[in-house]
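Subject: Structure handover and notes

Hello,

Here is the structure we spoke about. My notes on it follow below.

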Amino acid sequence: MMKGFLNRNRFVKILENVNIWDIIIIGGGATGLGIALDSSSRGYKTLLLEQSDFSKATSSRSTKLVHGGIRYLAQGNIKLVYEALQERGFLFKNAPHLVKKKKFIIPIFDWKMGIMYWTGLKLYEWLSGSLSFGKSQFLSKYEIVQDFPEIKNQELKGGILYYDGQFDDARLAINLAQTCVQKGGILLNYFQVKNLIKKVGNKISGVIAYDLETQKKYSIYSKIVINATGVFSDSISRMDESTCPIFIKPSQGTHVVLDKSFFSSSNAIVIPKTSDGRVLFCVPWYDHVLVGTTDTFLEKSVLEPKPLEEEIDFILQTFNKYFIIHTKKSDILSAFSGLRPLFVPNNSCSSFAKTKDISRSHKLMISSSGLISIIGGKWTTYRKMAEDTVNKAIEIGKLNKKPSITKNLKIYGSYLSYKSQNLYWNKYGEDESHIKKLIEENPLLGGSLISKNSSSYTEAEVVWMVRNEMARTIEDVLARRFRLLFLNAKKAIDIAPRVAALMAKELSKDEKWEKSQIDAFKKLAMQYYYPEI
């Protein structure tokens with residue numbers, strides 16, 4: 001078994017033979033995985049428990065940007081932007097197979113606004129220092145139209161080019177899990193924490209968790225417990241203190257995915273000020289275009305948020321305002337929503353008119369029983385969030401002090417990635433050769449699930465994902481490992497039966513399991529899909 005391969009059965013056996021862990025992390029999104037990696041790479045005995053699949057919620061539903069956040073700059077949050085730009089540089093260095101430099105263009109329709117954007121982007125560039133992705137520059141109207149032939153150009157003056165990063169969020173989550181395992185950490189998906197264990201003096205000493213596949217109950221002990229469940233943080237806090245006040249206000253961000261015919265450029269466009277003051281991104285992603293996002297307060301957090309009609313309408317109306325080709329709902333190949341865990345001081349939610357007024361900076365909270373909760377933040381700063389959290393865990397848990405090494409720690413998949421010239425396969429890094437070896441051993445696995453002439457979405461990848469990436473359901477494969485549900489929901493529905501058959505064979509499941517998986521996935525996928533009515 002190669003180090004870095006994810007094998008759930010092996011991890012459960014290890015769990016059953018460990019008496020006490022140094023650190024238990026609840027939550028397998030960007031924050032939890034980052035903490036698990038920081039902790040295990042320092043040499044602490046580390047266990048992560050995730051109730052669903054890794055990055056099931058917010059962490060697979062981002063705008064796919066590794067960035068400082070130009071809108072935070074407009075809000076005057078220089079510290080957050082500086083920190084994020086530094087982290088962007090570290091991530092590019094440590095995961096070059098996933099993080100790519102991308103050209104972004106802000107179209108200028110008003111010279112006064114253009115000067116303001118130019119000044120802001122020069123500051124943005126300066127803040128990145130030696131980790132800069134490239135120099136911003138002014139582009140003429142002609143250059144903008146050449147690059148974006150679909151843009152409406154009647155009032156266009158020109159534009160500003162700047163550089164930022166793009167990545168595959170769910171793929172990075174898997175790679176973080178693999179890197180953690182390389183460093184000795186253990187991670188389990190479909191493992192739900194139901195309660196906290198406390199010892200004399202009301203101090204937390206572990207968790208009670210259930211393996212959702214076997215329904216087996218585990219009492220797991222540790223020196224420290226970290227709540228990294230994002231929008232669900234309050235539910236874990238209430239296990240600690242039933243009267244714990246609410247600190248999370250979920251904000252929904254929705255994206256739509258369109259065919260590249262609506263947006264033929266390989267570069268991205270930023271609409272810096274939409275009708276309600278938001279920023280709208282149009283970003284090429286896996287041969288499609290991703291358009292978003294929104295910022296809508298919700299009353300409660302759910303595992304599978306649904307795009308609101310008004311969010312879809314806002315995105316399409318804004319897109320149509322700037323581009324020639326008129327888009328309608330039936331043009332949407334997939335629409336998805338994610339929830340941001342925004343920290344608000346208790347009882348002050350009403351004082352915030354819009355979610356953009358709430359800081360995206362992360363917060364660490366320590367309860368009287370020793371539970372550490374990490375709230376807020378964003379994908380780009382996951383590493384710094386993890387470092388801060390483990391530093392606090394060392395202090396609270398009285399662990400032997402060891403420094404963080406993640407600034408210069410290569411993420412699994414980054415080795416040998418320069419050899420792959422194919423953007424589709426590039427995301428696998430060194431695992432590309434392992435998957436292709438499966439095809440050599442069994443050429444039938446080289447067949448594509450979506451097209452006879454395609455070399456992508458192969459059966460071998462499904463086999464690999466089950467054997468070595470802990471994919472347990474069709475959704476795990478089609479949503480977070482292939483990303484097809486997020487790109488084209490109809491195609492995902494079409495290939496679901498074949499994926500189910502391949503998985504059933506690997507997991508030794510029967511036809512009843514296959515049918516239930518297909519039915520559940522189809523029901524889920526229809527929430528992403530807008531067929532012609």
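A residue is called buried here when its relative accessible area is under 20%, exposed when over 50%, and partly exposed in between. This is a predicted model, and everything below should be read with that in mind.

Aromatic pairs

By that cut-off Y322 is buried, since its relative accessible area is 13%. F109, at 26% relative accessibility, is partly exposed. I bring these two up together for a reason: the model has 20 aromatic pairs, and F109 with Y322 is one of them, with ring centres 5.6 Å apart and planes at 55°, so the pair is tilted. F109 sits in the loop between β4 (100-108) and α5 (111-128), while Y322 belongs to helix α9 (residues 309-322), so the contact ties together parts that are 213 residues apart in sequence.

A second pair is F263 with F323. Their ring centres are 5.6 Å apart and the planes stand at 65°, so this pair is edge-to-face. F263 is in the loop between β11 and β12 (268-271) and F323 in the loop between α9 and β16 (334-343), so parts 60 residues apart in sequence are tied together. Both F263 and F323 are buried.

Ring pairs also link Y424, W425, Y428, Y457 and F482 into a cluster. As for charges over rings, F133 has R88 over its face at 3.9 Å from the ring centre, and K101 also lies over the face of F133, at 5.4 Å from the ring centre.

Strand β14

Five of the five residues in strand β14 (residues 288-292) are buried. Both faces are covered: H288, L290 and G292 lie on one side, V289 and V291 on the other. Strand β11 (residues 248-259) runs antiparallel to β14 and is joined to it by five bridges, with V257 opposite L290. Strand β13 (residues 280-285) also pairs with β14 in the antiparallel sense, over five bridges, and there P284 stands opposite V289. β13 and β14 form a hairpin with two residues between them, and Y286 in the turn has a positive phi of about 45°.

The second largest pocket

Which residues lie nearest the centre of the second largest pocket? They are W285, Y286, D287, L423 and Y424, out of 34 residues that line it. The elements that give two or more residues to this lining are β4, β13, β14, α11 (423-426) and α15 (484-487). β4 gives the most, with four residues. The lining divides into 14 nonpolar, 11 polar and nine charged residues, and the space in the pocket comes to about 920 Å³.

Backbone points to check

Most residues other than glycine have a negative phi, and most peptide bonds are trans. The peptide bond from G292 to T293 is cis, with omega near 20°; T293 is in the loop between β14 and β15 (296-297). Q215, which is not a glycine, has a positive phi of about 65°. Q215 is in the loop between β9 (204-211) and β10 (216-227) and counts as exposed at 52% relative accessibility. Y457, also named in the ring cluster above, has a positive phi near 55°. Y457 lies in the loop between α12 (431-441) and α13 (459-468) and is buried, with a relative accessible area of 9%.

Regards

Notes: Residues are numbered from 1 along each chain as its sequence is written. This is a predicted model: local features need pLDDT of at least 70, side-chain atom pairs count only at pLDDT 80 or more; totals for chains, interfaces and linings use all residues. Side-chain values use heavy atoms; hydrogens and water are left out. Buried means under 20% relative accessible area, exposed over 50%, partly exposed in between (1.4 Å probe, protein chains only). Two strands pair if DSSP finds at least two bridges between them. Rings of Phe, Tyr and Trp (its six-membered ring) pair if their centres lie within 6.5 Å; planes under 30 degrees apart count as stacked, over 60 as edge-to-face and the rest as tilted. A charge sits over a ring if NZ of Lys or CZ of Arg is within 6 Å of the ring centre and within 35 degrees of the ring normal. On a 1 Å grid over the protein atoms alone, a cavity is a set of points where a 1.4 Å probe fits but cannot get out, and a pocket is an open set with protein on both sides within 12 Å along at least five of seven lines; lining residues have an atom within 4 Å of a point. Grid points are joined across faces, edges and corners, and a volume is the space filled by probe spheres set on the points. Ala, Val, Leu, Ile, Met, Phe, Trp, Tyr, Cys and Pro count as nonpolar, Asp, Glu, Lys and Arg as charged, and the others, Gly among them, as polar.
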